[in-house]
Amino acid sequence: MGAQGQRLAVIGAGVAGCALVARLRQLGWPGPITLWEIGRGPGGRTASRRSRHDADLRFDHGAPLLNLAVAEPPLLLDSLLAAGALAPFEDPVALLQGETQQLLAGCHDPLVQGRLLIAPDGMDRLCAAMLQMADEGVTARFGQLVRHLQPRPQGGWLLQDADGALLGEADWLVVSSTLPAHPRSRLVLGWDEAPLRRAAAALGDARLNHALERIAAIRTEPRSNLLVVCDAAAAAAWAALPFRLLEFDAAARQRFGLSRLRILPLGDGRCTLVAHSSTVFATEHLSVYGSRSAVALLQTLPPREVEEAEVIQRLAAMVCDALEPWLTPAMVASLRRSDNRQLMRWGAAFPLPPGLPPDLMLCGLSRLAFCGDYVSGPGFGRVEGAWRSAERLAAELIDAAGVRGA
Ligand SMILES: Cc1cc2nc3c(=O)[nH]c(=O)nc-3n(C[C@H](O)[C@H](O)[C@H](O)COP(=O)(O)OP(=O)(O)OC[C@H]3O[C@@H](n4cnc5c(N)ncnc54)[C@H](O)[C@@H]3O)c2cc1C
């Protein structure tokens, strides 16, 4: 097989994986690309939770927006804006000061610096739009966990499921999540060892070993998020607040146990609220997954209804405390109802620096590469970093694989 037919497998359909395949197609990667993703659709941490029974319902329960803090725009940006997949985020942002419990208009948090953007139809639609840009050149395999990775003797990779059954074969592999390489997969998924670490032992590639060491050292901040749907009467009161995105300063995080609150009006007059916990709160409640989270479904964990209800109850009480000066009875009622609330626990919401040095993204000898928000550089730990790392890797892969770029 010539260089032009080389098959690429990409693990992860978050921003990094989706931006990578979109950019590779723009650059003219000629071979087949397969994208593997545990989730039911694209999005990763730019996720939206929807309901089969309620077409209007939507929670953007991961990143509620994205920001471009570096002046030079990512290369895919114009096409995404032109397609309406991204639009300026124009909702009012405020900061809650913990010491005084007062609101300040605007905020200097790194997550709201620079150019603010939103995917108007749901944050998950950003990744979907990136995949559309790659067109039929990509086969997406959703709902599929890649459990084992075996290097082939002649180079390239075999991908296997939990039973060892072959999922696919590829000449190049890109891993856009730390999970297949990080010891936390033992905790999260109960694996005996992260698949890439086992594979690396057989490869003896010093560069890959170095990259894996750096990835293994990356620590992350968790979040426990409360998801609430409010009926039209309560939604009108929530909409009257002087913000749609509320950031908590350090004192407010400590005092109320929350880091931010997003109010999202729905098309039918209702709204959804997503309250993001502080790191400290999420760390204390790390073992309580939302029963609808991918990890709980994957591990078929026994339901922990009592603990989950307690965490939900505490988060709702924390929102009541933090917003006490502004709450109306309808708003309090919407927070106290137990049939409209869910929990989403993000075990690794934000990577902490230092991340993977960009010069270790590509391990040519092993035909393996990394991208994602955990690669250090502009936008580290945010959507911007995931996106930029993918665009950079696309150009490097075209060179390394020796394929003809457009
Ligand atoms: C609550 C929360 C709030 C946030 N707020 C902001 C914000 O305001 N602004 C901002 O810029 N960023 C924010 N972020 C961070 C932002 O969401 C991430 O930086 C970005 O989405 C990361 O994209 P990624 O593609 O690197 O990783 P991910 O989105 O994590 O994608 C990796 C994908 O790989 C999949 N995967 C992993 N292992 C396997 C496997 N073995 N087999 C198959 N699939 C696999 C995962 O399911 C996942 O979908 C927030 C994150 C969270 C959780």
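Q: Leaving aside its neighbours within four places in sequence, which residues is Asn-225 in contact with?

A: Contact means that heavy atoms lie within 4.5 Å. With those neighbours set aside, Asn-225 touches His-61, Val-274, Ala-275, His-276, Ser-277, Leu-315, Gln-342, Leu-343, Met-344 and Trp-346. Before we go on, bear in mind that this is a predicted model, in which local features need pLDDT of at least 70, side-chain atom pairs count only at pLDDT 80 or more, and totals for chains, interfaces and linings use all residues. Residues are numbered from 1 along each chain as its sequence is written, while side-chain values use heavy atoms, with hydrogens and water left out.

Q: Where does Asn-225 sit, and is Asn-225 buried or exposed?

A: Helices (H or I, at least four residues) and strands (E, at least two) are DSSP runs, numbered from the N terminus. Asn-225 belongs to strand 15, residues 220-230. For accessibility, buried means under 20% relative accessible area, exposed over 50%, and partly exposed in between, with a 1.4 Å probe and protein chains only. Asn-225 has 1% relative accessibility, so Asn-225 counts as buried. Its side chain also reaches the backbone oxygen of His-61, at 3.1 Å.

Q: How many salt bridges does a search of the whole structure find?

A: A salt bridge is a side-chain nitrogen of Lys or Arg within 4 Å of a carboxyl oxygen of Asp or Glu. The search gives 20 of them. One is between Arg-50 and Asp-124, whose closest N and O atoms are 2.8 Å apart. Because Arg-50 lies in strand 3 (residues 49-51) and Asp-124 in helix 3 (residues 124-134), this pair ties together parts that are 74 residues apart in sequence. Arg-50 is partly exposed, at 29% relative accessibility, whereas Asp-124 is buried, at 13%.

Q: What does Glu-169 meet in a salt bridge?

A: The partner is Arg-152, at 2.8 Å from N to O. Arg-152 lies in the loop between strand 11 (148-151) and strand 12 (157-160), and Glu-169 in strand 13 (residues 166-170), so parts 17 residues apart in sequence are tied together. Arg-152 is buried, with a relative accessible area of 10%, while Glu-169 is partly exposed, with 35%. Both belong to a network of salt bridges that links Arg-7, Arg-152, Glu-169 and Asp-171.

Q: How is the protein chain divided into domains?

A: Domain bounds come from an automatic or database domain assignment. Here domain 1 covers 3-47 + 126-218 + 353-401, and domain 2 covers 51-69 + 88-111 + 220-350. Taken over C-alpha atoms, the centres of the two domains are 30 Å apart. Their contact takes 18 residues from domain 1 and 21 residues from domain 2.

Q: How do I read the area that domain 1 and domain 2 bury between them?

A: Buried area is the accessible area (1.4 Å probe) that two parts lose on being put together, summed over both. For domain 1 and domain 2 that is about 1500 Å², 63% of it on carbon and sulfur atoms. On the domain 1 side, Arg-45, Ala-47 and Arg-382 lose the most area to domain 2, together 35% of what that side buries. Helix 4 (184-189) and helix 13 (383-401) each supply at least two residues of that side. Helix 4 gives the most, with four residues.

Q: How many salt bridges does the rule find across the interface of domain 1 and domain 2?

A: The rule finds zero there.

Terms used
A polar contact is a pair of N or O atoms within 3.5 Å; within protein, one must be able to donate a hydrogen and the other to accept it, and residues adjacent in sequence count only if both atoms are side-chain atoms.
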